[in-house]
Amino acid sequence: MSAAPPEMRSWRSWLLTRLAHSYFAIARGMTMGVRAACFDAEGRVFLVRHSYLPGWHMPGGGLERRETALQALVKELREEGNLEMSGPPELFHVYFNRQTSNRDHVIFYRCRNVRQASPKKPDMEIVESGFFALDALPAETTPATRRRLAELSGSAPPADVW
């Protein structure tokens, strides 16, 4: 668990995000990331809590140069949760992520029957993680995560903005 109070994590998150995107604006021009709603055999969704962002999120991260979206997804699921997919992920939607920058996009996947090779131990990036029933999500689950889950269930249409 992070020792910094939530308001400091938010400040640090803002600064880290701005620095990273300033660098990426010069180095890349446009940024793209992947995220996935990963469900286990019981229908629970896997969520992570980062050391540098408030709230619970679905696993994911940015694409690196010469990396496909699928390669990035496999890497992020392994790094953030020791997760393995039993079949191909389903592309759900591509979102414009204007909260991060005016040139960021998120490729969002649904992964069914994901299994965890071994429990994820907390580290410098991921301080907590786990599978949660859809009707028992942590109180700090981010609004964007809740919106994506509503879209996946069909109770809301997919938005174009993350």
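Author: This is a predicted model. Start with R66, which sits in the loop between β4 and α2.

Reader: Is R66 buried or exposed?

Author: R66 belongs to the loop between β4 and α2. Exposed means over 50% relative accessible area. R66 has a relative accessible area of 80%, so R66 is exposed.

Reader: What is the phi of R66?

Author: Most residues other than glycine have a negative phi. R66 is not a glycine, yet its phi is positive. The value is about 60°.

Reader: Where does N82 lie, and what is its phi?

Author: N82 is placed in the loop between α2 and β5 (83-84). Its relative accessible area is 22%, so N82 counts as partly exposed. N82 is not a glycine, but its phi is positive, at about 55°.

Reader: Next, the pocket. How much space lies in the largest pocket?

Author: Rolling a probe the size of a water molecule over the atoms shows where empty space is left. In this model the largest pocket has a lining of 41 residues. The space in this pocket is about 1200 Å³.

Reader: Which residues of the lining lie nearest the centre of the largest pocket?

Author: The lining has 41 residues. They divide into 15 nonpolar, 15 polar and 11 charged. Nearest the centre lie T17, R35, L53, N97 and T100.

Reader: Which element gives the most to the lining of the largest pocket?

Author: The lining of the largest pocket has 41 residues. The elements that give two or more of them are α1 (6-27), β1 (31-38), β4 (60-62), α2 (69-81), β7 (104-111) and α3 (143-153). The top contribution is 8 residues, and it comes from α1.

Reader: How far apart in space are A37 and M58?

Author: A37 is part of strand β1. Its relative accessibility is 0%, so A37 counts as buried. In sequence, A37 and M58 are 21 residues apart. In space, C-alpha to C-alpha, the distance is 6.0 Å.

Reader: Are C38 and C111 buried or exposed?

Author: Buried means under 20% relative accessible area. C38 is at 0% relative accessibility. C111 is at 2%. C38 therefore counts as buried, and C111 too counts as buried.

Reader: How many aromatic pairs are found, and what kind of pair do W56 and F132 make?

Author: A search of the whole structure finds 6 aromatic pairs. The rings of W56 and F132 have centres 5.1 Å apart. Their planes are at 75°, so this pair is edge-to-face.

Reader: How many residues apart in sequence are the parts that W56 and F132 tie together?

Author: W56 lies in strand β3 (residues 56-57). F132 lies in strand β9 (residues 126-132). W56 is buried at 6% relative accessibility, and F132 is buried with a relative accessible area of 19%. The pair ties together parts 76 residues apart in sequence.

Reader: What kind of pair do F92 and F108 make?

Author: F92 is in strand β6 (residues 90-96) and F108 in strand β7. F92 is partly exposed, with a relative accessible area of 22%, whereas F108 is buried at 0%. Their ring centres are 6.0 Å apart. The planes are at 85°, so the pair is edge-to-face.

Reader: Which residue has its charged end over the ring of W162?

Author: W162 forms one aromatic cluster with F92, Y95 and F108. A charged end sits over the ring of W162, 4.8 Å from its centre. That charged end belongs to R148.

Notes
Residues are numbered from 1 along each chain as its sequence is written. This is a predicted model: local features need pLDDT of at least 70, side-chain atom pairs count only at pLDDT 80 or more; totals for chains, interfaces and linings use all residues. Side-chain values use heavy atoms; hydrogens and water are left out. On a 1 Å grid over the protein atoms alone, a cavity is a set of points where a 1.4 Å probe fits but cannot get out, and a pocket is an open set with protein on both sides within 12 Å along at least five of seven lines; lining residues have an atom within 4 Å of a point. Grid points are joined across faces, edges and corners, and a volume is the space filled by probe spheres set on the points. Helices (H or I, at least four residues) and strands (E, at least two) are DSSP runs, numbered from the N terminus. Ala, Val, Leu, Ile, Met, Phe, Trp, Tyr, Cys and Pro count as nonpolar, Asp, Glu, Lys and Arg as charged, and the others, Gly among them, as polar. Buried means under 20% relative accessible area, exposed over 50%, partly exposed in between (1.4 Å probe, protein chains only). Rings of Phe, Tyr and Trp (its six-membered ring) pair if their centres lie within 6.5 Å; planes under 30 degrees apart count as stacked, over 60 as edge-to-face and the rest as tilted. A charge sits over a ring if NZ of Lys or CZ of Arg is within 6 Å of the ring centre and within 35 degrees of the ring normal.
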